[in-house]
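Here's a walk through one protein model, written for someone just starting out. Have a look at the picture first, then read on.

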Amino acid sequence: MKYDIIGDIHGCFDELIQLLQKLGYSLDTGIPIHPEGRKIAFVGDAMDRGPNSLKTIELMFRLQDNRELIYSPGNHCNKFYRFAKGNNVQLQHGIETTVAELHALPKEKQVNFLNRYQSFYESLPLYVSLNNGNLIIVHAGIRENLIGSKNHKKIRTFVLYGDITGEKLPDGRPVRKDWAITYRGKPFIVYGHTPVQEARFINNTVNIDTGCVFGGKLTAIRYPEMEVVSVPSSLPFMPDRFTSFP
Ligand SMILES: [Mn+2]
């Protein structure tokens, strides 16, 4: 099977549609269909910060209803799940935009959306393994020894938040280690989570979060061709939100 794997969308629905069209998908039926039978897949964080989180999540719902969803959950997906369950989460770091969109709906629609979201999230795997384990799609990455591991808790933290040390940067964001630089595994790993200005290939991994919501671009990687396809963001460029690796 051939895949087009899409990076962190964060509510940039218009850019998502442009990217799907550039990749050759037709959207006439409400779900993306490719004439050559290619499948779309996502590294997660469909929502938060950007202008159209609900529309983006609703596309994921439709894909799931059609048994076409390939989606690895991110930290923003997890936080919104906790919100949907009624947990007391802090409405900051992006979720406040999604909640504002939600609260603009009639009450009954809000309840339906939150219920649907819970079943959506609960059916997601922690990461997606395709092509006999040769391709892994995972939000923040995964260490080789965690692939297939039974340590659910360790996997969960790593795939949602990355290789965090527990330390914080002066602005409050967690310190993330560059796990990909020491990756020596056989599976090709497609991930996102840490915005970079260009898709970053290193050691059989690629980071395709090119920071669309921070004014970068929305990026897909075509697998197995390894071709990178992007569309520019319509939002203002915020250079300090991007990580540059040595
Ligand atoms: Mn993330």
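## The overall picture

Of the 246 residues in the protein chain, 53% are buried, where buried means under 20% relative accessible area, exposed means over 50% and partly exposed is in between (1.4 Å probe, protein chains only). Before going further, keep in mind that this is a predicted model: local features need pLDDT of at least 70, side-chain atom pairs count only at pLDDT 80 or more, and totals for chains, interfaces and linings use all residues. Residues are numbered from 1 along each chain as its sequence is written, and side-chain values use heavy atoms, with hydrogens and water left out.

Along its principal axes, the C-alpha trace spans about 50 × 45 × 40 Å. Contact here means heavy atoms within 4.5 Å, and among contacts in the chain with a separation of 6 or more, 61% come from residues 24 or more positions apart.

## An open sheet with a helix on it

Four strands make an open sheet, ordered β2-β1-β10-β11, with mixed pairing. At the edges sit β2 (39–42) and β11 (227–232), each pairing on one side only. Two strands count as paired if DSSP finds at least two bridges between them. Strands of a sheet pair through backbone hydrogen bonds, either parallel or antiparallel. For β1 (residues 3–6) and β10 (residues 217–223), the pairing is antiparallel, over four bridges; Asp4 has Arg222 in β10 as its bridge partner.

Helix α1 (residues 13–22) packs on this sheet and touches β1, β2, β10 and β11, with its direction at about 140° to that of β11. Such angles run from 0 to 180 degrees between N-to-C directions, using axes fitted to C-alpha atoms, for helices over the stretch in contact.

## The manganese site

Which residues coordinate the manganese ion? They are Asp45 (OD), Asn75 (OD1), His139 (NE2) and His193 (ND1), at 2.1 to 2.3 Å. Donors are N, O and S atoms within 2.8 Å of the metal (3.2 Å for Na, K and Ca), and sites may look incomplete, as water is not among the atoms. Along the chain, the donors follow the spacing D-x29-N-x63-H-x53-H. Asp45 lies in the loop between β2 and α2 (53–65), while Asn75 is in helix α3 (residues 75–84), so this pair ties together parts that are 30 residues apart in sequence. Both Asp45 and Asn75 are buried.

## A helix tucked inside

Is α3 enclosed or open? Nine of its 10 residues are buried, so α3 is largely enclosed by the rest of the structure. The buried ones include His76, Phe80 and Tyr81. Among the elements covering them are α4 (95–103), α5 (107–122) and α6 (152–161). Just after α3, Gly86 takes a positive phi of about 95°.

## A buried threonine

Thr205 belongs to strand β9 (residues 205–207) and, at 1% relative accessibility, counts as buried. Its side chain reaches the backbone oxygen of Ile202 at 2.6 Å, a polar contact (a pair of N or O atoms within 3.5 Å; within protein, one must be able to donate a hydrogen and the other to accept it, and residues adjacent in sequence count only if both atoms are side-chain atoms). Leaving aside neighbours within four places in sequence, Thr205 is in contact with residues including Trp179, Tyr183 and Phe188.

Most residues other than glycine have a negative phi, and most peptide bonds are trans. Arg49 isn't a glycine, yet has a positive phi of about 80°; it lies in the loop between β2 and α2 and is partly exposed, with a relative accessible area of 29%. His93, in the loop between α3 and α4, has a positive phi near 65° and counts as exposed at 55% relative accessibility. Finally, a cis peptide bond joins Tyr223 and Pro224, with omega about 10°.

Note on methods. Helices (H or I, at least four residues) and strands (E, at least two) are DSSP runs, numbered from the N terminus.
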